[in-house]
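Take a walk through this structure, one contact at a time. Keep the sequence and the model side by side as you read.

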Amino acid sequence: MVVMEKCCCCRVRTACLIFGGFALFGSLIQVSNDAKDIYHNITMSRQDQEWNLQELYELSNMDGLNMGTTKDEIRNFLTIAFYFSIADLFLSIAMIVAASCLIYGVRKENSDFLIPAMIVWPLDLFVRIIFVLIHSINLGFLHPISLAMNIVLCCGVVFDIFIWLCVYSHWQQLKAKDQFQPKKLRLGQPSFYSIQLNSTQ
């Protein structure tokens, strides 16, 4: 695979640090938001759920909009949104770990710490594509509600691909560097040459 040397106007190393920082910050906020949404849905009474359903139904079929959405479609949409919040919560937690490892690995020039990011971002991409398909099956791809959600999800897919390419490219750079340069010695561990030198003195 072709390795990117630069990302826009900066090196891929710098881009990985920037993406890792934004992902870490955004995931921390998203964990809080998802946890609130899940708690709100779990603790919501049946009456409140029906009232929320009726409100969305009237909003989607009011004069000027007239989306032709049925209550069952809106009910399915709310159920899908709830399950997406659960999936997004676990993904956000995984993203916190991956982004932290990414930042550490880039700063310490350790390619092994970039591997979690190379796994989590494709997983995030896969989940987004799945929910695009689910929304499209439920409401139709061009339905206004579905279209708005799908645009957001598809933008996330594009960013996931771009970020993964940057991380993979820098991982390749570090792997190539490891092949031509000896790995740093562990702290307190003498090298073979230092042992030979000491033995000859």
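**Charged pairs and their helices**

R46 pairs with E50 in a salt bridge, with 3.5 Å between the closest N and O atoms. A salt bridge here is a side-chain nitrogen of Lys or Arg within 4 Å of a carboxyl oxygen of Asp or Glu. This is a predicted model, in which local features need pLDDT of at least 70 and side-chain atom pairs count only at pLDDT 80 or more, while totals for chains, interfaces and linings use all residues. Residues are numbered from 1 along each chain as its sequence is written, and side-chain values use heavy atoms, leaving out hydrogens and water.

Both R46 and E50 sit in helix α2, four residues apart, about one turn of the helix. Helix α2 covers residues 46–60. Helices are DSSP runs of H or I, at least four residues long, and they are numbered from the N terminus. How exposed are the two partners? R46 counts as exposed, at 59% relative accessibility. E50 is partly exposed, with a relative accessible area of 32%. The cut-offs are these: buried is under 20% relative accessible area, exposed is over 50%, and partly exposed is in between, using a 1.4 Å probe and protein chains only.

Now move along to R75. E50 and R75 are 25 residues apart in sequence, and their C-alpha atoms are 9.2 Å apart in space. R75 has a salt bridge with D72, at 3.1 Å from N to O. R75 and D72 both belong to helix α3 (residues 71–108), three residues apart, about one turn of the helix. R75 is partly exposed, at 32% relative accessibility.

The side chains of D160 and R128 form a salt bridge, at 3.6 Å from N to O. D160 lies in helix α5 (residues 144–180) and R128 in helix α4 (residues 115–139), so this pair ties together parts that are 32 residues apart in sequence. D160 counts as buried, at 6% relative accessibility.

Which residues are joined by salt bridges that share partners? R46, E50, D72 and R75 form one such network. In the whole structure, a search finds six salt bridges.

Finish at helix α1. This helix runs over residues 12–43 and has 32 residues. From first C-alpha to last, α1 reaches 45 Å, close to the 46 Å expected at 1.5 Å a residue. That expected span is 1.5 Å times one less than the number of residues. Several α1 residues are buried, including V12, F19, D34 and I38.

Methods: Helices (H or I, at least four residues) and strands (E, at least two) are DSSP runs, numbered from the N terminus.
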